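The structure is shown first, and the details follow.

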Amino acid sequence: MVEANQALPENTKLRPPVPEKPPRWLSILVGWALIPLSVVYMVILYLYLARLVMIGEMPTGMIAPNSAAYLAFGAVTHLAALPLAFAGRPVSTWFRRLFPFTMLLPIAALAWALSVRIDAYGVTESRFLLGVIAGWLGLLALLWMPNQLVAPARLAGILGALVLVVGGGPWGASAVSLNSQRIQLLELLRAHDMVVEVELSEEEITEPGVTMRRTAQPAPEGAAPPADVQARMISILDFYDSRGYTDYIGDLFPDEPEGALAHDRIAALKLDLSLASTGQRSLDLIADPPRFGVPAGGYDIVLPINLWPPGTDTLDLGGGRMVRLTGQTLALVENTAEAGETTLIALDLAPLVTAILESQEDPFVQQTLSMAPDRLEVAAEAGAWRARLLADRLTVVETDEARSLTLLDGNLLLDMPE
């Protein structure tokens, strides 16, 4: 009988589970890389968000990506630390308990940044999906807070269920984005008297819920929308073209030809195409033919000038002297301890730019103009100082408020006092 019992297979379910030891590489990766990086990222992100709250600023395009990156990286670290926490590693156990609570502020910041962008520019597919992911991460934080063990497969299932609910139909990313951008366009058109709205009679109603006939039209004479508004309208019209849904707003343009696209509607509304995307016009002025050599007779020094990319407006010459571009003025300034900053000589490029623009019909539509080299020269005198600018390339940027130069390439000739 004893021998028969020994021959029977052993019931392994009655034995206590044998804990598995995590591989060494996982311990090193999680304990010495992922967790420290997550903690450092958390501290930096919290300090960054606290600073924004104190100074009352919202940098464009920074809060959402930074918050989403921390949440994604931290979630991966939280899952990777699971085997180590099972094995009783204190650092992994501590991180898995702490991380869900650190998710709350970044999720709130992400949601707030998304709401601001959506309020200003409407819903797009990327913002919609980012909102879904933010909701999923918020749900994970609630599940992880009581230190519950949620299997990775279940987490993926939760995300899959969310995507299934909002992945198609009237609540899908595409449908919500199309409708949101239409609402944005109508609000802009109404604000500038660019849409005629007529209520339909019961006999004219052919679609459920459609009770108004709306027709887009150009702005009244002399009341064109500001540059940023025109840029936004153009962006929305291009949005429908890029998605292949031009018919979605076709009812606003009943008199357009079949197959009309965004550029036809931009022309119908008399919008300035040069304002697309940026809300500003830009024009490159290039010396053609290019100069071969610099005629420096009568000048003491030739300074190569290259102020680019945009935002680079100063060239340090050493000795407290620098060349600075402000608006349409190029100046040589000197900074001393006794007198502070003094302008030694300045060259006003505004008359040159204005003369070129007034000599062209719709210059900003062309975006690039080739000019004779002598038309891109400016000279000035100030006391014993003489200066002459030989520009090879200028980039003129114009908005409703001002005109400025964002690129200047050429040579500055200086005749200095004895």
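Two strands are taken to pair if DSSP finds at least two bridges between them. Helices (H or I, at least four residues) and strands (E, at least two) are DSSP runs, numbered from the N terminus. The model is predicted: local features need pLDDT of at least 70, side-chain atom pairs count only at pLDDT 80 or more, and totals for chains, interfaces and linings use all residues. Residues are numbered from 1 along each chain as its sequence is written, and side-chain values use heavy atoms, with hydrogens and water left out.

**Sheet**
- Strand E7 (residues 329–336) pairs with E8 in the antiparallel sense over 8 bridges.
- Thr336 has Gly340, in E8, as its bridge partner.
- The open sheet comprises 4 strands in the order E5-E6-E7-E8, with antiparallel pairing.
- Strands E5 (314–318) and E8 (340–348) each have a single partner strand and stand at the edges, so one side of each is left without a neighbour in the sheet.

**Helix packing**
- Helix H2 (residues 24–55) packs on helix H6 (residues 104–121) at an angle of about 50 degrees, with the axes 11 Å apart; axes are lines fitted to C-alpha atoms, for helices over the stretch in contact, and angles run from 0 to 180 degrees between N-to-C directions.
- H2 is therefore oblique to H6 (under 35 degrees counts as roughly parallel, over 145 as roughly antiparallel, 65 to 115 as roughly perpendicular and the rest as oblique).
- Leu45, Tyr46 and Leu49 in H2 meet Leu105, Pro106 and Ala109 in H6, where contact means heavy atoms within 4.5 Å.
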